[in-house]
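The exercises below are to be worked through with the sequence and the coordinates side by side. Each task is followed by a solution that goes step by step.

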Amino acid sequence: MNHLPASFLWGASTAPHQIEGNNINSDWWAREAMMPGMEPSGDAVDSYHRYREDMELLAHAGFNAYRFGIEWARIEPRPGQISRAELAHYRRMIDTALELGLEPVITLQHFTTPAWFAAEGGWLSDRAIDRFQSFVTTATQILGGVNWVATMNEPNMQAMTIMIQEAYQSGHLAEWQSPTVDGEAQRERIAANLPVPEPRIGHRMVELHHAVRDIVREHTDAKVGWTIANPALTPTPGNEDKLVEVRYAQEDLYLQGSRGDDWVGVQSYSSQQVDQNGIVPHPEHPDNTQTGAAYRPDALEMAVRHTWEVTKLPILVTENGIPTGDDDRRIAYTTEALRGMMAAIDDGADVRGYLHWSLLDNYEWGHWHPTFGLIAVDRETFERKPKPSLTWLGDIAHTNGASLTEALTS
Ligand code: BGC
């Protein structure tokens, strides 16, 4: 097994809406209030005020990177109205990360947009490109010293959300479904006969990404990319052609949209099969995770290999993890996932870092029950309770993978 370069990033990831709390000007905040069955994000885990404590826990455990987002809805609560105070808030977060020796990996847009932007028609509206460009131009003012920027998180999941929204609005879906809670969303998707994201939406997402990529390059020294949900699809016997078709719409269109970027983010949790009808729902199994997804730690290796094959770009694993109430299982899953990542690196994949999802148990887009965190949070007192997995992964980070290699070879 090769040694990782000293510059290898070991960290954890979060997203603003899932941890900050009271993101009241965002489209998701409005959606939570309207949709039956959706739990509200509320105070989330109050990381808006407690980010220093969160970063200290990460840094003191041995990590050297933290991926977090800046929230458009806070920075631009009304069209063109920029909050200097919120920009200063996110600059303080970047400074805190740098002070603690954490490389900040910044996401400019992670699922949420301002409510006014959604009301204008969101990503598909005629004004979307101008609006996004204007926000990104503003955001770059605070990105000095940042080396890694992602324009958008999981454009392929966002395309899926647009389709769920369209189906809901046209009466084809009885209830809004969280895009990330697999079990429910998939059952509904199949019931409503929703296809994988339509390429028309995918091409639009690529257009948006390209429209802001050069703005980031022009105004910062950061390497720019975006982060993609990698479903690690495999064919059932005889369905190799169908796999290629489905994988294009679900993943490859977006990976191809990375061409010309400086890096690409791999985000992997599970794996699914493709049969003649498309993606096969996760079979019921006692090992399934809290979101109903199959326990598939091998998915990360598949995702890294496929991303490398399609893009040949430097890769950051920007999300990988498991929703479980059993922390031993988190450690077992992550051990296996890292083993696969190392194997892909040994075979030539240019992986520059591993950022676990997630630092904290957080708001999982409509639900609180899936717990992905290395740190639990008491939602009444906001007390942080690090789990053994934080120390365990922190040791791997601190030894730059050596403790993992020893564990795997002994
Ligand atoms: C998203 C996260 C989400 C995670 C787990 C990814 O789809 O980027 O926001 O919480 O997966 O479902």
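Predicted model: local features only at pLDDT ≥ 70, side-chain atom pairs only at ≥ 80, totals over all residues.

**Exercise 1.** Classify the crossing of α7 and α10 by its angle, and list the residues that make the contact.

*Solution.* The axes of α7 (residues 128-139) and α10 (residues 199-219) come within 9 Å and cross at roughly 30 degrees. Because angles under 35 degrees count as roughly parallel, α7 is roughly parallel to α10. On the α7 side the contact is made by Ala128, Ile129, Phe132, Gln133, Val136 and Thr137, and on the α10 side by Arg204, Glu207, Leu208, Ala211, Val212, Ile215, Val216 and His219. Sorted by class, these are nine nonpolar, three polar and two charged residues.

**Exercise 2.** Carry out the analysis for α8 and α11, and state the handedness of their crossing.

*Solution.* Helix α8 (residues 155-169) and helix α11 (residues 240-256) have axes that come within 9 Å and cross at roughly 135 degrees, so α8 is oblique to α11. Their crossing is right-handed. Pro155, Asn156, Ala159 and Met160 of α8 meet Gln250, Glu251 and Tyr254 of α11, a contact with four nonpolar, two polar and one charged residues.

**Exercise 3.** Is Ser26 buried or exposed, and what does its side chain reach?

*Solution.* Ser26 lies in the loop between α1 (16-19) and α2 (27-34). Its relative accessibility is 1%, and therefore Ser26 counts as buried, the cut-off being under 20%. The Ser26 side chain reaches the backbone oxygen of Asn23 at 2.9 Å. Beyond four places away in sequence, Ser26 touches His17, Glu71, Ala73, Thr112, Thr113, Pro114 and Ala115.

Definitions and conventions
Residues numbered from 1 in each chain as written. Heavy atoms only, no water. Helix = DSSP H or I, 4+ residues; strand = E, 2+ residues; numbered from the N terminus. Buried < 20%, exposed > 50% of the residue type's maximum accessible area, 1.4 Å probe, protein only. Polar contact = N/O pair within 3.5 Å; in protein donor to acceptor, adjacent residues only side chain to side chain. Contact = heavy atoms within 4.5 Å. Axes fitted to C-alpha atoms, helices over the stretch in contact; angles between N-to-C directions. Parallel < 35°, antiparallel > 145°, perpendicular 65-115°, else oblique. Left-handed = near helix turned anticlockwise from the far one by under 90°. Nonpolar A, V, L, I, M, F, W, Y, C, P; charged D, E, K, R; others polar.
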